[in-house]
Amino acid sequence: MIKSLKLEWLKVKYHPLIWILFGMYLLALTILCFGGTFFLEWLKYEGEDFHGLDPTLLPIYDFPDIWQNVTSLASLLRVFPAFIVIISVTNDITTQTLRQNVIDGISKTQYLTSKIALIVSLSVLSTAFIGLAVLINGKLYAHPASHQLMIEGATFLVAYAFDALVYCCLAFLLALLIKKPGFLIMALALYTIWFEPIAAAILRNHPDLRDTAWVVLPDYFPVSALNGLIQLPFGRYLFHEITDFVPVKQLIITTAWLLSYLSGIIFLLTRRDLK
Amino acid sequence: MNILELNGLTKQYGKLLAVNELNLQIQQGQVYGILGPNGSGKTTTLGMILDVVAPSSGDYRWFGGMSPIKARQQIGAILETPCFYPYMTAEQNLRISAHIKECSAAKISEVLKQVGLFERRKDKFKTYSLGMKQRLSIGAALLADPPVLILDEPTNGLDPEGIAEIRTLIQEIAQQGKTIILASHLLDEVQKVCTHFCILKNGNKVHEGLVNDITGTTRQIRITSQDLSLLKTTLQQHPGLSNLATDGPELIADLQPGTTTADINRFCFEQGITLSKLQPVNRTLEQEFLTILKANQ
């Protein structure tokens, strides 16, 4: 595993685009994690109120809610680590360095391990960043809370790491299939941000489909299943009922997706000739 | 000792039989040429023994049965084009190869000097000319000081100077006692560096043998002078020549046993004819290659 990780490090270390993307990802996470109070100030300036409540008084950084608040938003940035995976994998294919790596003496399994090492590293790094951001923000803005209350919502952090891992594995599989980084990045972003959410919204809300099985179908879609892991919790500030836990059903669905992605990756890597 | 043994190695792409039941044995120290026209199955064969193309049937054994991964770490190989990360320098690229081959990074400078790229080691791969890229490939292949080198069309796309450079490099490496497997359709190249060769055609091995067995001088000579008809009439009287015939601006004939080119030269001079050319004909691999291919049509 260490050898695989080092191999991947040697490859990404000098790739300028990967570092630009990683920098953009960290910047977006920073804005997202630390921009809450500024956003609420802006809402107040715009004259918004929450049932007569001053927006700046909303306890968005209080434990344990802060975990779900931050991780649910951060998971919407999952495209960034996925883009890094796409660039890394397609780079190996288009330059035929994957083939040369195999010729030089790694097995296809070792190649798979090196990419999984990259994906796990991205997932762990972003999770650690978010964990740290939550603790800093909690320290700065949260009302005092017991240690137990502070760690109560930390399961969302684990769910976030899993979300990033599953989505990056989808990116890995697609990169092996499509091999064209520009097209794939555009297609995956559009699918994740537009196509699937619109399709899911139509199925969930179309009057003709009410009380039919079609309504629950989006729960099984690749991106919607991930969105269902950490659901957006901000309805609670409008006194709506929310899912303030990681649903087991979504965990099972995303695990099934992860296993199918890994099976696809292994199938493509082992069965396909490296021409 | 058998470095490589192929037993009935076959590759089928749908209806296309790219390599058919190929059996080969390559021994230590041989410089083995795999010849064949484009599409004859050379690269597919090398792809299979390097584990990037899965055989449809048959098998191969490196070093008498070493595990394929360990074996590949001990082999320096280039398949078709040089494959490196374009955004990295030569040194950075070779660091990856060294890491995979589990050899010391200290060797990098040494091989870069050997292939004449040390001065350009800090330049990005994408700025290299094709010749430099090929030399870097050979450098990467030499990194682990491998006992076996596999080179697939190493002079493809190079200018004459580049071809000569790579050929010299291969000859130097061969002199170190390494086993080299060289696939090429450039017959002159194989003739100059290989000791053994086989010919593939449509995936089938149609010939195998020693390069020396089919090259070298023949009993045939090419001869010409200012007055070709007078020369022909004169030479017809010489008992040591047979099959005398005109071939364009010169005559060709076979020397009988016991007759030398010096005898012919003296005879013509005594007859008052000054020869402008008297040349023994060498058999080339190219001639033999074409003959073998024709015979197997």
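**Close-up views of a predicted two-chain model**

**View 1. Where chain A meets chain B.** The contact draws 21 residues from chain A and 23 residues from chain B, two residues being in contact if their C-beta atoms, placed from the backbone, lie within 7 Å. On the side of chain A that touches chain B, α1 (2–12) and α6 (97–104) of chain A are the elements giving two or more residues; helices (H or I, at least four residues) and strands (E, at least two) are DSSP runs, numbered from the N terminus. The largest share, 7 residues, belongs to α6(A). By class, this side of chain A holds 8 nonpolar, 8 polar and 5 charged residues (nonpolar: Ala, Val, Leu, Ile, Met, Phe, Trp, Tyr, Cys and Pro; charged: Asp, Glu, Lys and Arg; polar: the others, Gly among them).

This is a predicted model: local features need pLDDT of at least 70 and side-chain atom pairs count only at pLDDT 80 or more, while totals for chains, interfaces and linings use all residues. Residues are numbered from 1 along each chain as its sequence is written, with chains lettered from A and ligands numbered from 1 in the order in which they are written.

**View 2. The open sheet of chain B.** Follow its 6 strands in the order β5-β6-β7-β3-β8-β9, with mixed pairing; two strands pair if DSSP finds at least two bridges between them. At the edges, β5 (75–78) and β9 (204–210) of chain B each pair on one side only. From one strand to the next, the twist averages 15 degrees (axes are lines fitted to C-alpha atoms, for helices over the stretch in contact, and angles run from 0 to 180 degrees between N-to-C directions).

**View 3. Strands β8 and β9 of chain B.** Here β8(B) (residues 196–201) runs antiparallel to β9(B), joined by 6 bridges. B:Cys198 has B:Glu208 in β9(B) as its bridge partner.

**View 4. A helix on the sheet.** Helix α6(B) (residues 160–175) packs on the sheet and touches β3 (31–35), β6 (148–152) and β7 (179–184) of chain B. The direction of α6(B) makes about 150 degrees with that of β7(B).
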